[in-house]
Amino acid sequence: MIKNGHHTTSDQREEAGCSKPAGTACSPEKRKRIVRLWCDGCYDMVHYGHSNQLRQAKAMGDYLIVGVHTDEEISKHKGPPVFTQEERYKMVRAIKWVDEIVEGAPYVTTLETLDKYNCDSCVHGDDITLTVDGKDTYEEVKREGRYRECKRTQGVSTTDLVGRMLLMTKAHHSNMDNAYYQQHTDDFGKGPKGNSPWTGVSQFLQTSQKIIQFASGKEPQPGDTIIYVAGAFDLFHIGHVDFLEMVYKQAEKPYVIVGLHFDQEVNRYKGKNYPIMNIHERTLSVLACRYVSEVVIGAPYAVGKDLIDHFKVDLVCHGKTEVFPDKDESDPYAEPKKRGIFRVIDSGNNLTTDDIVQRIIENRAGDRGERGLQHREG
């Protein structure tokens, strides 16, 4: 288990006021000095809005347990998820405010679940979650006064992100005149009032306070290995998590700095309408990851002498993805290679943002086809 960016000791549960295994009840006296909170959800296509909800929940207590639903449960109540349950479990584990996750948590939150994991209250955003038959999934815990609410993050939603993805795909540009494709994107683009819920431009407004809330604020300590990685980290996903976890494991005491390229720079080397998320959104997404210690906002594309010396970088890492040349056709990693501090990391995960876009189109098209079939059969 890793807690807030650092590996925790085996006695983490004792520190959380309970020495018994998860799922075994502890007396109130045993956990009097600690407040244990429960969050649950699908956590499909995790974004910084989810991370912010978990950050707010953690701030209400001391120990945060997050229940993640199975693919089967989500399919029953909402339709098939884009990411598998194993991918979703891993994404939630990587969020630094999460102390523990419960795999296969029930879709409806009950007092029995809260008691089973010794949680005082459950925390959810200020939006209503309904079961397939229209019931509030938090009805029971609300009735018993064990429900707390946090504010939804303005300017981001899964629907908004999907909309941005559909606007930038190759298929979208090459099939503009295709009637089926146009119908598919039109259906997806219409909100409850019949207008598009997105403009193609993020509605998120960054503030210094939000960055402070997400940042660890920790300086490198003597003996730390300063590791630098750079990239777009657009639509922060499981492929990024696997890579950063491998980077983190390169040293006994790692201090991982992520350099994020400005939007214009990302668009230069990735093309199309990339990035899907702007620099402010990508900053929060990366800061929420427990393997990351610091973020350089608008890092230079070339990892040069000044940057390496300024941050006292010991190791520069890059994944197995293609390295695009700089504007002058030079190798952006020439300096760390010359110093012998460059390392290629194989995370074993080749997932890209393009792959995610493809998954979503297939997922939504399949879901739409299934709903049409049910309508015809009904």
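The following conversation concerns a predicted model of one protein chain.

Visitor: How many helices and strands does the chain have?
Guide: The predicted model shows 16 helices and 12 strands. The chain has 378 residues, and buried residues make up 50% of them.

Visitor: What does the accessible surface come to?
Guide: The accessible surface of the chain is about 18600 Å², and carbon and sulfur atoms account for 50% of that area.

Visitor: And what pLDDT does the chain average?
Guide: The average pLDDT is 81, with 77% of the residues scoring at least 70. Over residues 1-17, the pLDDT is below 50, and that stretch has 51 contacts in the model beyond near neighbours in sequence. Residues 169-201 also have a pLDDT below 50, with 43 contacts beyond near neighbours in sequence. Where pLDDT is low, predicted coordinates should not be read in detail.

Visitor: Turning to contacts, what share join residues at least 24 apart?
Guide: Counting contacts between residues at least 6 apart in sequence, 75% join residues at least 24 apart. A pair separated along the chain is Met45 and Phe236: they are 191 residues apart, and their C-alpha atoms are separated by 9.0 Å.

Visitor: Where is Met45 placed?
Guide: Met45 is in the loop between β3 (36-41) and α2 (48-59).

Visitor: Is Met45 buried or exposed?
Guide: Met45 counts as buried, because its relative accessibility is 6% and the cut-off for buried is under 20%. Leaving aside residues up to four places away in sequence, Met45 touches His50, Val82, Phe83, Thr158, Leu161, Val162, Met165 and Ile360.

Visitor: Which loop holds Thr109?
Guide: Thr109 is found in the loop between β5 (100-103) and α5 (111-116). Thr109 is buried, with a relative accessible area of 1%.

Visitor: What does the side chain of Thr109 make a polar contact with?
Guide: The partner is the side chain of Asp40, at 2.5 Å. Residues that Thr109 touches, beyond those up to four places away in sequence, include Trp38, Leu114, Cys122 and Tyr138.

Visitor: Which residues does Ser121 touch?
Guide: Apart from residues up to four places away in sequence, Ser121 touches Arg36, Leu37, Trp38, Leu114, Arg146 and Arg148. Ser121 lies in strand β6, residues 121-125, and counts as buried at 12% relative accessibility.

Visitor: What caps the N-terminal end of α13?
Guide: Asn278 does: one of its side-chain oxygens lies 2.9 Å from the backbone nitrogen of His280.

Visitor: Changing topic, how many aromatic pairs are there?
Guide: The count comes to 7 aromatic pairs. Tyr269, Tyr301 and Phe324 form one aromatic cluster.

Visitor: What lies over the face of Tyr301?
Guide: Arg268 does, at 4.9 Å from the ring centre. Another such arrangement involves Lys337, which lies over the face of Phe342 at 5.2 Å from the ring centre.

How values were computed
Residues are numbered from 1 along each chain as its sequence is written. This is a predicted model: local features need pLDDT of at least 70, side-chain atom pairs count only at pLDDT 80 or more; totals for chains, interfaces and linings use all residues. Side-chain values use heavy atoms; hydrogens and water are left out. Helices (H or I, at least four residues) and strands (E, at least two) are DSSP runs, numbered from the N terminus. Buried means under 20% relative accessible area, exposed over 50%, partly exposed in between (1.4 Å probe, protein chains only). Contact means heavy atoms within 4.5 Å. A polar contact is a pair of N or O atoms within 3.5 Å; within protein, one must be able to donate a hydrogen and the other to accept it, and residues adjacent in sequence count only if both atoms are side-chain atoms. pLDDT is the predictor's confidence in each residue, from 0 to 100. Rings of Phe, Tyr and Trp (its six-membered ring) pair if their centres lie within 6.5 Å; planes under 30 degrees apart count as stacked, over 60 as edge-to-face and the rest as tilted. A charge sits over a ring if NZ of Lys or CZ of Arg is within 6 Å of the ring centre and within 35 degrees of the ring normal. Accessible areas come from the Shrake-Rupley method with a 1.4 Å probe; for residues, only the protein chains shown count as cover.
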